[in-house]
Amino acid sequence: MIKNIIALSFKNLKRHTKRTVITSIAIGVGIAMLIWVDGILKWADDESKRNLIGYENGNFLVCTKEFKEDRKNLPVDTVISKEDVKKLLRIAKETSCFASPRTGFRSMVSFNRSFGMPYIVYAITPSLDSKVFKIKDSIVEGEYLRDDSDGILISSYCKRELEVGLGDYLTVETRTRYNTYQVLNLKVVGIYETPDPVVDRNQLFVSSKLADKDLQTEGTATMVVFKTPTEKNMPYLNQVKNLLKKYKLSYLTTITWQEMGADYLTLSKTKKGGSGIIILFIFVIVAVGIVNTMLMAVFERMKEIGMLRALGMRDKYVLWSFIFESAGIGILGSIIGLILGIILNAYTVYIGIDFSSAMKDMNIGYRVGTIWYSEWNPKMMIMAVIFGVMISMLVSIIPARKAIKMEITDTLRVE
Amino acid sequence: MTIVECRNVSKEYKLGKIIVPALKDINLTVTKGEFTAIVGPSGSGKTTLLNLIGCLDTPTEGEIILNGIIVKNQKKDQLADIRRENIGFVFQTFNLIPVLTAFENIEFVLTLKEYDKKKRQELTLKMLEKVGLKGLENRKPSELSGGQQQRVAIALALIKSPTLVLADEPTANLDSKTGESIMNLMRDLNEKEGVTFIFSTHDEKVMKFARRIIKLHDGKIVDDIKNDQEYNCSVI
């Protein structure tokens, strides 16, 4: 019985081919948007995680408890002593992690007597830092810092903003570890460009050797950043925590990349809400399209419906015949949406969309560059297709019920 | 054998606040093999009576007994089952499914009875031949004339071997010649196959085909006569 009703429903789809195709296209566009936007947001999500770890925070860092409390202000008066930095490097070795000591100085950086711009100047040990962060791989001009370098590594964003080039001297106004005012004239030795806008717009780098001397760090660091050999943080973090106890470094604590990138994680959660809004949007498109199409079908076929019921077709089968018909539109729409979504997604996966002009100075929380790409998400594609068909079937109940609610005699009278 | 029995059947319709009586105290018995016409002017209650007998509607008062089943207390699905198993309908506007061919339209009735495919096809082909539509089985309703469509509708009503066929003004949308051939077909099926027909009409030419004529006026039976007029049933 059901087989024959399905066959009848699919034949009914051919009655008004144009109407069926137009409704299917509307559903298809909605589903394509879902696949496409989800692919882009997934890429932004994954890319942000990669960049947060690879350019900004490492997997986790070790710092003093006071520093953790006040980490947004980057205090330099609460540091890890030189001996303890060495211990932490030993801990990193024991846990198969890479580690890099860093101290960040809030500074005003200017060139040629222009107004200064705020940056964080990180004192790093380049040979260690390059094993934790990917800044070295992002050099676009000049060279990466050497351990004994007296120069400064700037971002291409800084280069553009300060109109400065390789070999120029930047004026860095900052405070030393002991809070004394210090002005340094540093030669630009390299320019980097990372996909993480937070790093590009805020961070400059000098060698720790220079900082030891001119910023009175004297081998100390405000943090030691760890990079784990695998993507899993927790086993290594736990090992490091245990070793901190073992080495009697109880004044130190850890901060994970998730804690450091809390702003991004909030955004990521919001993204999930955003996807919900898109799904709701598609639901409305599908619902309006299907309800409208099926209502027209019901009104047009009142007499036939009456005839079928007069022949002894039970109301539930009449209802199913409309539901299957909607499912047909949903399947067609989902196939159109899948194909369109794959085409749109393929474009953004392989070519990307350049938002340079719109996002040059904008920070939307995602740690991604100005060219946005996309990722393949087969799970979402399957979900979108199922969603399209299921919603089509679900909303068709409204007009289909109208068909069986009327008295048979009334439906037979309809002209 | 009594097929239909109407006991004190009345039907009223509500038109806003106004109650319109359509049938008043109808008492009627139809036995197997009858070829009965319900006649009367427009608004006399012919269609309402057919709808009540056909379980498409329920009486306001009284009861209808169909094949021994009291229709009054049946649920919607049970009424559908009664219609499927016992009653065939022929409507003046044919009401065929336009996306299905003549063959598929007829066959669909048998799918409702869940016959297997082989049996469905066999019975459908036989029925098409019986109603004179052999060779037209693959045509859709839009590719058939009015008379041919009504033949499909009759086939649709008869394919399930019902105890009763109800035809509401079956010739109203046909020219007189085609109408006559349809009535010949119905009468022939009645005589040869013993199918019980009740049809409504206000056309005097059509009335002549009936063996029993029930006259309705303002919802009441005013006459119930046997039609002794000899009628030559032409060969289909």
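Tutor: Contact means heavy atoms within 4.5 Å. This is a predicted model, in which local features need pLDDT of at least 70 and side-chain atom pairs count only at pLDDT 80 or more, while totals for chains, interfaces and linings use all residues. Residues are numbered from 1 along each chain as its sequence is written, chains are lettered from A and ligands numbered from 1 in the order in which they are written, and side-chain values use heavy atoms, with hydrogens and water left out.

Student: Which residues does T201(B) touch, not counting those up to four places away in sequence?

Tutor: T201(B) touches I38(B), V39(B), G40(B), K46(B), E169(B), V206(B) and M207(B). T201(B) belongs to strand β8, residues 196-201 of chain B; helices (H or I, at least four residues) and strands (E, at least two) are DSSP runs, numbered from the N terminus.

Student: Does T201(B) count as buried or exposed?

Tutor: Buried means under 20% relative accessible area, exposed over 50%, and partly exposed in between, with a 1.4 Å probe and protein chains only. T201(B) counts as buried because its relative accessibility is 3%.

Student: What does the side chain of T201(B) reach?

Tutor: A polar contact is a pair of N or O atoms within 3.5 Å; within protein, one must be able to donate a hydrogen and the other to accept it, and residues adjacent in sequence count only if both atoms are side-chain atoms. Here the side chain of T201(B) reaches the backbone nitrogen of D203(B) at 2.9 Å.

Student: Let's turn to a helix. How many residues of α3(B) are buried?

Tutor: Ten of the eleven residues of α3(B) are buried, so this helix is largely enclosed by the rest of the structure. Among them are F103(B), I106(B), V109(B) and L110(B), but also N105(B) and E107(B).

Student: Which elements do the buried residues of α3(B) pack against?

Tutor: Two chains take part: α1 (2-12) and α12 (302-310) of chain A, together with α2 (76-86), α4 (117-130) and α5 of chain B. Just after α3(B), E114(B) takes a positive phi of about 60°.

Student: Where is Q150(B), and what does it touch?

Tutor: Q150(B) sits in helix α5 (residues 146-158) of chain B, and is buried, with a relative accessible area of 0%. Leaving aside residues up to four places away in sequence, Q150(B) touches V90(B), F91(B), Q92(B), F94(B), P170(B), L174(B) and I182(B).

Student: F94(B) is on that list. What is phi of F94(B)?

Tutor: Phi of F94(B) is near 65°, a positive value in a residue other than glycine. F94(B) lies in the loop between β6 (87-91) and α3 (102-112) of chain B, and is buried, with a relative accessible area of 9%. In chain A, E218(A) also has a positive phi, of about 50°, although it is not a glycine. E218(A) is in the loop between α8 (208-214) and β9 (223-227), and at 41% relative accessibility it counts as partly exposed.

Student: How many helices and strands does chain A have?

Tutor: Chain A has 17 helices and twelve strands. Its radius of gyration is 31 Å, well over the 22 Å that the globule rule gives for 415 residues, so chain A is more spread out than a compact globule. That radius is taken over C-alpha atoms, and the rule is 2.2 Å times the number of residues to the power 0.38. Along the principal axes, the C-alpha atoms of chain A fill a box of roughly 100 × 50 × 30 Å. Of the 415 residues of chain A, 54% count as buried.
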